[in-house]
Amino acid sequence: MLYVAGKLLGQRLFKKLMKMTFYGHFVAGEDQESIQPLIRHNKAFGVGTILDYGVEEDLGSEEAEHRKMESCTSPAERDGSGTNKWEKQYQAHWAFGDRRHGVISACTYFYANEAKCDSHMETLLSCIEASGAANDDDFAIKLTALGRPQFLLQFSDRPTKWRCFFHQMAAEQGQVGLAAMDTKLEVAVLQESITKVDITSRAEIEDWFTAETLGVSGTVYLQDWSSLIDSRTKLSKHLVVPNAQTGQLEPLLSQFTEEEELQMTRMLQQMGILANKATEVGVRLMVDAEQTYFQPAISHLTQEMQRRFNVERPLIFSTHQCYLKDAYDNVTLDVELARREGWCFGSKLVRGAYMAQERARAAEIGCEDPINPTYEATNAMYHRCLDHVLEELKHNTKAKVMVATHNEDSVRFTLRRMEELCLHPAGHQVYFGQLLGMCDQISFPLGQAGYPVYKYVPYGPVMDVLPYPFRHTLENSSLMKGARRERQLLWLELFRRLRTGSFFHRPA
Ligand SMILES: Cc1cc2nc3c(=O)[nH]c(=O)nc-3n(C[C@H](O)[C@H](O)[C@H](O)COP(=O)(O)OP(=O)(O)OC[C@H]3O[C@@H](n4cnc5c(N)ncnc54)[C@H](O)[C@@H]3O)c2cc1C
């Protein structure tokens with residue numbers, strides 16, 4: 001569509017028109033140079049910048065679906081000579097090939113080839129460098145820009161199954177209905193249960209669960225359990241469960257092929273390179289959360305990086321999506337893990353950008369809807385998660401959170417809780433975040449009042465970034481709600497200035 005419009009109007013006129021409308025409103029500029037005036041303007045009002053190199057190709061739906069299926073399946077699966085060994089949540093589906101559908105506040109990458117990923121890497125590295133030079137700017141990354149998404153899907157399958165197995169064992173031990181953080185297995189009973197399945201000797205099972213891997217308490221929490229699949233591949237080879245349909249025993253965790261292992265190493269290396277560069281230039285990296293079928297892998301890889309790089313301060317921020325039913329479990333487990341392992345917790349709390357798509361996909365493939373049933377439930381979840389993190393911040397001065405929302409109630413809630421918990425804005429433990437072009441009536445007063453507040457600032461060449469703000473404008477009804485509120489506030493401010501004769505506002 002954009003391509004056709006560009007052809008009809010001519011590139012120059014089209015670009016000019018876009019800069020005066022969608023692009024000009026939601027995107028800061030074409031390159032590091034041209035975005036500087038906006039960054040300086042925001043800074044003058046106490047509003048920082050999180051750069052988001054938002055290049056999204058203007059693919060047609062068919063091309064997007066094709067690319068997604070190509071990148072999320074192996075050649076054997078595509079030509080029908082091989083079967084997919086992953087759970088259906090972690091398989092690619094044609095109907096949802098176009099991952100942009102219904103997504104309004106995030107841009108989307110489609111895998112083309114490794115060379116394209118390498119070029120994304122180069123761009124990200126130069127952006128991180130520039131963010132460092134500009135002082136105080138942070139940087140956002142999407143892991144789907146870095147590699148073949150097939151790997152993220154497959155990798156997501158493992159921790160999810162492993163977690164389910166833990167809950168299954170916990171249910172056998174009578175631990176039902178507890179929060180994930182409070183659920184624990186008695187190791188002796190666990191060993192007994194596994195011995196009954198008769199997959200290996202008692203001595204070997206005892207060797208899996210030693211004091212060295214699990215401590216001496218005789219119980220195992222989900223946090224310890226999750227780390228077992230990384231360090232004890234032996235264990236994942238042996239663990240088999242009966243398949244309800246065939247009655248056969250099958251490996252609980254599918255083994256990675258050599259190629260898949262290579263991809264994982266490659267992605268970890270790329271993240272390492274980005275994190276090293278960020279450390280070198282003193283920039284925080286915000287790892288964005290994406291669709292649920294990628295998210296367990298993204299969270300896992302982010303955590304690996306946090307272990308390595310969040311030693312003195314949280315350099316790498318993960319993202320928690322509170323529209324998920326299991327958001328509170330995820331947040332509490334991650335806070336606890338950071339505490340136990342001694343690294344600095346850093347997270348961006350969002351509601352979540354992929355709701356419509358997630359719901360439609362779950363209905364289509366017959367899985368449970370991962371999203372909270374109502375908007376009110378998501379709001380309650382957001383505040384519950386936020387409250388838990390703020391309590392943590394009170395006791396742990398190195399932990400930090402970004403309250404990334406346009407919701408005025410959530411901002412008010414945060415300010416009230418900060419006051420109650422004596423979390424002073426100057427302590428820079430609680431940051432606020434909004435998208436460029438949205439809810440300036442929240443960002444600027446916060447910045448002026450001394451709260452650390454940041455705008456997510458997409459930038460990039462007009463024709464490459466345009467699909468993102470264009471979709472944003474077409475699909476975002478909550479944007480229109482926000483715009484009405486902004487218009488109302490602008491009229492009030494105009495009347496105030498006319499009444500008091502103070503026509504120009506200078507930042508304090
Ligand atoms: C700085 C920043 C960074 C962001 N980074 C990410 C990111 O990494 N990953 C990501 O996924 N999103 C990200 N987002 C987008 C974010 O998740 C939200 O989509 C967006 O901010 C709108 O939510 P809100 O909290 O601002 O406010 P609101 O407008 O109050 O909430 C709208 C949100 O509520 C939820 N919701 C709406 N209706 C229902 C319903 N019926 N049932 C259940 N839930 C419902 C949805 O999540 C919806 O987006 C980011 C946003 C910001 C400001």
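A: A residue is called buried when its relative accessible area is under 20%, exposed when it is over 50%, and partly exposed in between, with a 1.4 Å probe and protein chains only. The model is a predicted one, in which local features need pLDDT of at least 70 and side-chain atom pairs count only at pLDDT 80 or more, while totals for chains, interfaces and linings use all residues. Residues are numbered from 1 along each chain as its sequence is written, and side-chain values use heavy atoms, with hydrogens and water left out.

Helices (H or I, at least four residues) and strands (E, at least two) are DSSP runs, numbered from the N terminus. Accessible areas come from the Shrake-Rupley method with a 1.4 Å probe, and for residues only the protein chains shown count as cover. Ala289 places a backbone N or O atom 2.9 Å from a nitrogen atom of the ligand. The side chain of Arg351 has a polar atom 2.8 Å from an oxygen atom of the ligand, and a polar side-chain atom of Thr405 lies 2.7 Å from an oxygen atom of the ligand. On its own the ligand has 940 Å² of accessible area, and the protein covers 88% of this.

From here the account turns to Arg284, in the loop between α14 and β7 (285-287). The side chains of Arg284 and Tyr431 are joined by a polar contact of 2.7 Å. Arg284 counts as buried because its relative accessible area is 9%.

Charged pairs come next. A salt bridge is a side-chain nitrogen of Lys or Arg within 4 Å of a carboxyl oxygen of Asp or Glu. The whole structure contains 19 salt bridges. One of them, between Arg359 and Asp369, has an N to O distance of 2.8 Å. This pair links distant parts of the chain, with Arg359 in helix α17 and Asp369 in the loop between α17 and α18, 10 residues apart. Both partners are partly exposed, Arg359 at 28% and Asp369 at 23%.

Another salt bridge joins the side chains of Glu129 and Lys277 (3.2 Å, N to O). Glu129 belongs to helix α7 (residues 114-133) and Lys277 to helix α14 (residues 258-281), so the bridge ties together parts that are 148 residues apart in sequence. Glu129 is partly exposed at 42% relative accessible area, whereas Lys277, at 16%, counts as buried. Arg307 and Glu341 also form a salt bridge, at 2.6 Å from N to O. Here helix α15 (residues 295-309) holds Arg307 and helix α16 (residues 327-341) holds Glu341, distant parts of the chain 34 residues apart.

The cysteines complete the picture. A disulfide is a pair of cysteine sulfur atoms within 2.5 Å. The whole structure has zero disulfides. Cys385 is therefore in none, and its nearest cysteine sulfur, that of Cys322, is 4.0 Å away. Cys385 is buried, at 0% relative accessibility, whereas Cys422 is exposed, at 64%. Cys422 is in the loop between α19 (408-420) and β11, and its phi is positive, near 55 degrees, in a residue other than glycine. His428 lies in the loop between α19 and β11, with a positive phi near 50 degrees. Most residues other than glycine have a negative phi.

Technical notes
A polar contact is a pair of N or O atoms within 3.5 Å; within protein, one must be able to donate a hydrogen and the other to accept it, and residues adjacent in sequence count only if both atoms are side-chain atoms.
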